[in-house]
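Hi,

Here's the structure I said I'd pass on.

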Amino acid sequence: MTKLIKRISTPLISLILLLNMSSAGMAETTVSAEVGFIFNTLLFLICGFLVMFMAAGFAMLESGMVTSKSVSVICAKNIGLYAIAGIMFWLVGYNLAYGIPEGGYIGTFTPWSDASAIDTGYADGSDWFFQMVFCATTVSICSGAMAERIKLWPFFLFAAILAGVIYPIVMGWQWGGGWLAELGFSDFAGSTLVHSTGGAAALAGIILLGARNGRFDSAGNPKALKPFAASSIPLVTIGVFILWLGWFGFNGGSQLALGSFDDAVAISTIFINTNLAACGGVLAAGVITRLMFGKTDVIQMLNGAIGGLVAITAEPLAPSPFAAILIGAVGGLIVVFGTKLLFNFKLDDVVGAIPAHLFAGIWGTLAVPLTNADANFSAQLIGVLSVNIFVFAVSYIVWSVMKAIFGIRLSKEAETKGTDVTETGVIAYAIRD
Amino acid sequence: MTKLIKRISTPLISLILLLNMSSAGMAETTVSAEVGFIFNTLLFLICGFLVMFMAAGFAMLESGMVTSKSVSVICAKNIGLYAIAGIMFWLVGYNLAYGIPEGGYIGTFTPWSDASAIDTGYADGSDWFFQMVFCATTVSICSGAMAERIKLWPFFLFAAILAGVIYPIVMGWQWGGGWLAELGFSDFAGSTLVHSTGGAAALAGIILLGARNGRFDSAGNPKALKPFAASSIPLVTIGVFILWLGWFGFNGGSQLALGSFDDAVAISTIFINTNLAACGGVLAAGVITRLMFGKTDVIQMLNGAIGGLVAITAEPLAPSPFAAILIGAVGGLIVVFGTKLLFNFKLDDVVGAIPAHLFAGIWGTLAVPLTNADANFSAQLIGVLSVNIFVFAVSYIVWSVMKAIFGIRLSKEAETKGTDVTETGVIAYAIRD
Amino acid sequence: MTKLIKRISTPLISLILLLNMSSAGMAETTVSAEVGFIFNTLLFLICGFLVMFMAAGFAMLESGMVTSKSVSVICAKNIGLYAIAGIMFWLVGYNLAYGIPEGGYIGTFTPWSDASAIDTGYADGSDWFFQMVFCATTVSICSGAMAERIKLWPFFLFAAILAGVIYPIVMGWQWGGGWLAELGFSDFAGSTLVHSTGGAAALAGIILLGARNGRFDSAGNPKALKPFAASSIPLVTIGVFILWLGWFGFNGGSQLALGSFDDAVAISTIFINTNLAACGGVLAAGVITRLMFGKTDVIQMLNGAIGGLVAITAEPLAPSPFAAILIGAVGGLIVVFGTKLLFNFKLDDVVGAIPAHLFAGIWGTLAVPLTNADANFSAQLIGVLSVNIFVFAVSYIVWSVMKAIFGIRLSKEAETKGTDVTETGVIAYAIRD
């Protein structure tokens with residue numbers, strides 16, 4: 001969703017055409033500049049509030065996936081990180097991304113300010129809002145993986161750095177018109193820029209943090225589920241449905257314009273492909289777990305939806321419906337096998353964020369040339385590698401510095417008691433039957 | 001919400017008028033064809049995502065209503081059926097409904113493909129999306145009634161047939177311009193086509209399936225609530241609020257167009273009537289349970305909202321606000337007494353889907369002529385009978401064939417253990433106080 | 001959000017300009033009256049359904065905050081009050097507010113009826129819907145504070161009076177063009193008119209009702225949390241996120257128009273300020289509780305978001321982003337210290353509605369002149385005092401009369417058993433681990 005200036009020309013020209021009374025054919029727009037401006041702004045606002053609501057989706061998904069002694073802290077992390085992301089993206093993030101020189105590497109450290117004009121095609125503030133919720137999504141992605149043993153405030157500090165600096169830099173490389181955009185990299189709504197970024201930051205975190213106490217036995221296998229059972233499957237479910245809902249805004253809004261016949265048709269196509277990819281992810285995960293393990297794993301079906309959605313995010317416009325289903329189904333399978341892969345390395349990703357966002361994001365980005373003839377595989381590969389290596393490396397350094405200075409992991413006693421008691425002093429479920 | 005081609009003429013004519021500089025009065029539209037196209041598409045997309053979110057509403061309503069040992073499976077059913085419905089409605093459903101010959105009975109078995117053109121008045125894909133979420137709603141309705149004793153994959157197979165064949169056929173009879181439309185049947189947003197269809201399919205299922213073990217005592221009365229207590233009232237509550245929210249999209253979007261003064265006014269009226277009917281349903285159920293049983297039954301208030309919403313769905317535009325309240329209140333009463341009626345027949349509808357969707361849907365459809373002078377009672381009666389008998393009969397046959405081939409009911413041992421353990425292997429609530 | 005007739009002129013004039021072929025510059029609108037009408041109506045409908053969804057947010061926030069033996073009743077209250085508010089606002093509320101004489105005190109007791117015309121600038125029904133959900137919000141605010149010891153039906157009666165009479169009267173004073181509007185009072189979206197009104201009504205209720213049994217020890221300190229622990233933190237969290245989402249509609253829709261460049265830019269600014277104020281509230285509450293009490297209180301962070309949102313509601317357009325953060329942060333601090341203040345007076349506000357809505361609403365209203373040069377402090381003070389004193393006094397009288405006639409508080413036995421058992425007969429959480 002590169003901030004394209006060329007978009008503007010269409011409504012302006014059409015206004016002139018209209019005023020000149022030339023017979024406007026279907027190919028020429030009959031939408032005045034101001035009406036187009038309102039439509040485009042409305043698109044950003046509607047899609048923006050849908051993506052904003054994804055913060056609730058992540059909060060519920062993660063609340064349901066952690067054990068019942070770490071739920072209040074997950075809630076604190078999710079409301080806190082969304083607040084931090086909003087402020088940081090205003091303070092430095094937006095201009096770090098969009099203030100980048102053409103083909104460059106980094107923008108300027110200045111707060112965002114409104115510069116709306118009718119010839120930019122949309123209200124500046126609506127674009128800020130839409131981009132901000134993408135930034136918050138990136139941070140939400142990495143909040144769940146490290147649950148149950150990370151200290152709260154070091155996480156908040158990392159959230160500020162990820163939202164204010166790390167994400168905006170890679171965002172600028174592509175959507176700000178930086179070096180990746182110049183290279184021909186293609187990532188429509190952020191399979192790599194948002195989802196892999198969140199996943200790669202989380203991967204660095206869980207490597208440095210180590211697994212929860214007792215998560216793996218001496219042979220390296222994850223313990224039987226019981227002590228690490230997800231606290232509430234319905235909360236995971238509503239979380240996934242909210243994310244699915246929000247994704248229509250995520251991908252649909254990344255068309256960046258609504259004020260023309262072509263844009264309205266494109267957004268409709270994006271809605272369909274986004275939906276069908278998620279369907280593919282759900283069913284692939286459901287079928288494979290039923291066939292391989294004898295039971296239909298509802299958690300993998302739910303995470304399979306996310307895997308499908310992440311996979312289609314790099315290119316939700318070009319695929320046919322059938323291709324979208326397949327791209328999503330592969331995303332769902334990647335979630336199932338990616339979860340196994342992490343177990344093999346004794347990596348403890350509490351909510352499955354890394355398979356769903358990092359792994360499925362890589363797949364989705366590399367798959368773009370299969371359906372979009374304008375994309376090429378080498379640019380996709382360079383984009384995937386550069387973004388993921390940069391985010392992983394910088395995150396690893398930031399986590400390491402915090403670990404060295406004040407520590408990032410709770411004491412063994414605190415972890416045993418549960419983070420809710422030690423960090424917030426609030427029990428999550430005080431339920432008497 | 002018949003797919004009317006005549007809608008298109010208005011914006012086209014108005015464009016010509018505008019370009020010809022004739023003094024456009026209020027009665028003539030001043031909306032260009034392209035602006036109208038964008039508005040109509042936007043209506044489908046917004047209302048579509050609202051209806052999509054109803055899938056989450058059903059998932060929460062049903063999760064809260066079943067006992068705590070069957071919640072994970074309900075979540076799996078709801079995410080799975082939504083995925084299945086999306087794929088089936090693309091693969092065959094849409095063209096089975098809309099590819100129907102004028103006044104005919106069935107369309108063609110071909111996948112949907114995009115044929116957007118400005119003179120159809122909206123993006124083809126946005127219409128597909130809006131119709132697809134209606135199809136998914138139909139399947140969601142029937143998922144809860146059969147809970148706690150049905151096998152998961154036979155349910156998924158039935159979901160595929162309902163979404164891909166049964167619903168599209170009756171949809172085509174009316175909204176595709178088939179024989180019911182020709183007859184003068186009137187069902188604005190689907191009291192019968194969607195809600196009764198889902199309810200009739202569920203009724204066939206629970207008859208063949210039988211009640212949960214121990215649900216009724218030897219005298220035929222339902223056992224005291226305890227062992228069959230709803231697992232979470234707040235989840236039911238958020239489910240109902242989400243459904244109520246989604247219904248603005250369900251009924252509002254069924255106006256099918258936004259791009260004129262008349263359409264904007266109509267959709268506003270639909271919002272009001274939809275809301276007031278639900279209000280009537282809530283209060284009627286609350287008052288009657290308080291008066292009859294001494295306690296204000298919160299579950300009946302919540303289901304009363306659904307009953308009111310289903311009742312107004314057949315005609316949300318013509319009624320006055322007062323009429324809408326009354327239509328909804330009767331819907332709420334039908335939920336309360338319909339629940340009793342099912343008990344009398346020892347029919348075990350776990351979530352109350354049949355009173356709320358089938359019974360209230362019949363009421364709403366038959367009530368159309370009370371407020372809409374263009375409707376006539378005999379056509380309404382024929383529509384109600386033909387759709388419900390067709391759906392019930394075909395569903396009964398499909399369930400019976402599945403029962404004969406591989407069985408549809410869990411073993412007694414599995415039911416006692418709970419479907420969560422036997423079907424998904426995932427406990428829904430792993431909560432330590 | 002005064003119902004300004006002057007808004008209409010702009011699109012009408014611009015239509016004339018367009019038809020006259022004058023070269024429409026950027027300052028003059030190129031939006032036809034009908035397109036503007038559709039945009040404005042669409043704004044009310046979208047923002048209206050967002051605010052409607054806040055009813056679910058309050059239901060979840062309150063369900064999570066009460067103890068587990070009072071959750072079903074809270075759900076009944078929330079679905080019931082929303083139903084009551086809708087009917088009362090149609091029956092008398094709307095015309096009590098908007099039928100007020102210029103500079104007057106009260107409108108007329110007549111039901112609302114639709115009088116849409118293109119020159120009012122939006123569909124009458126869409127405005128009714130948008131105003132109705134504000135009315136319902138006011139009632140939602142006061143439902144939680146009195147939880148766990150109030151009788152259900154007296155609450156419903158009060159809800160009818162608050163929705164039908166009390167709120168509409170103060171609403172009319174300002175937004176109907178009554179005496180407060182004439183005085184120069186400024187309350188963009190209702191920090192005082194909605195939020196303080198709900199809070200003041202609740203304050204009167206809890207004073208007359210008294211605290212829950214055993215809430216305060218003999219020295220007047222609140223008992224250790226355990227017996228009064230919030231039943232579910234994730235439900236509080238999703239409640240707050242839903243409220244945050246709804247607030248974009250609450251404040252954004254209060255711009256009352258979308259059909260021009262200026263309106264689209266203004267709504268975008270409102271979205272940003274609304275969001276940043278909530279961010280400020282969350283972080284201020286998180287930091288202060290961590291510093292003062294050693295633990296990061298997740299409940300105060302969540303209520304801090306509400307405090308920030310309420311504070312910005314009086315003026316979400318004029319502040320800079322930085323000012324919005326500060327206004328919200330003060331709102332968050334007010335929530336933390338306001339909670340302490342109520343404890344000092346042994347006032348038992350179960351969900352923290354009074355600090356978040358009444359106290360933060362006063363702050364937000366008085367802060368308007370800091371960023372809006374058109375506002376003056378004395379008018380703000382008069383508005384705050386007159387609305388809060390009127391609402392508190394009338395509410396106090398209504399509660400007192402009900403207390404004298406049939407009592408408003410449950411028996412001690414009923415309270416000990418829990419309101420769920422005694423009032424609805426439905427256990428909220430029937431969960432087996």
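Let's start with how the copies relate. Chain C superposes on chain A, with an RMSD of 0.0 Å, through a rotation of 120° and 0.0 Å of shift along the axis. That is how copies around a three-fold axis are related. (The superposition is by least squares on the C-alpha atoms of residues with pLDDT of at least 70 in both copies.) Chain C also goes onto chain B by a turn of 120° and a shift of 0.0 Å along the axis, again with an RMSD of 0.0 Å.

A quick word on ground rules. This is a predicted model, in which local features need pLDDT of at least 70 and side-chain atom pairs count only at pLDDT 80 or more, while totals for chains, interfaces and linings use all residues. Residues are numbered from 1 along each chain as its sequence is written, and chains are lettered from A and ligands numbered from 1 in the order in which they are written.

How confident is the predictor? The model scores ipTM 0.94 and pTM 0.95. Chain A averages a pLDDT (the predictor's confidence in each residue, from 0 to 100) of 92, with 92% of the residues at 70 or above. One stretch to treat separately is residues 4–27 of chain A, where pLDDT is below 50; this stretch has 34 contacts in the model beyond near neighbours in sequence.

Now the single chain. Chain A has 16 helices and zero strands; these are DSSP runs numbered from the N terminus, helices being H or I of at least four residues and strands E of at least two. Its C-alpha trace spans about 75 × 50 × 45 Å along the principal axes. Of the 433 residues in chain A, 70% are buried, meaning that 20 or more other C-beta atoms, placed from the backbone, lie within 10 Å of the residue's own. Among contacts in chain A with a separation of 6 or more, 78% join residues 24 or more positions apart; a contact here means C-beta atoms, placed from the backbone, within 7 Å.

Helix 3 of chain C (residues 71–98) is worth a look. It has a kink of about 60° centred on C:Phe89, the bend being the angle between axes fitted to the seven residues ending there and the seven starting there. In helix 3 of chain C, 28 of the 28 residues are buried.

On to the interfaces. Where chain C meets chain A, 53 residues come from chain C and 51 from chain A. Helix 9 of chain C contributes the most to chain C's side, with 14 residues. That side divides into 37 nonpolar, 13 polar and three charged residues. (Ala, Val, Leu, Ile, Met, Phe, Trp, Tyr, Cys and Pro count as nonpolar, Asp, Glu, Lys and Arg as charged, and the others, Gly among them, as polar.)

Against chain B, 51 residues of chain C touch 53 residues of chain B.

Which surfaces do the copies use? Only 9% of the interface residues of chain C are also interface residues in chain A, so the copies meet through different surfaces.

Cheers

Key
Two residues are in contact if their C-beta atoms, placed from the backbone, lie within 7 Å. A residue is buried if 20 or more other C-beta atoms lie within 10 Å of its own, exposed if 12 or fewer, and partly exposed in between; C-beta atoms are placed from the backbone.
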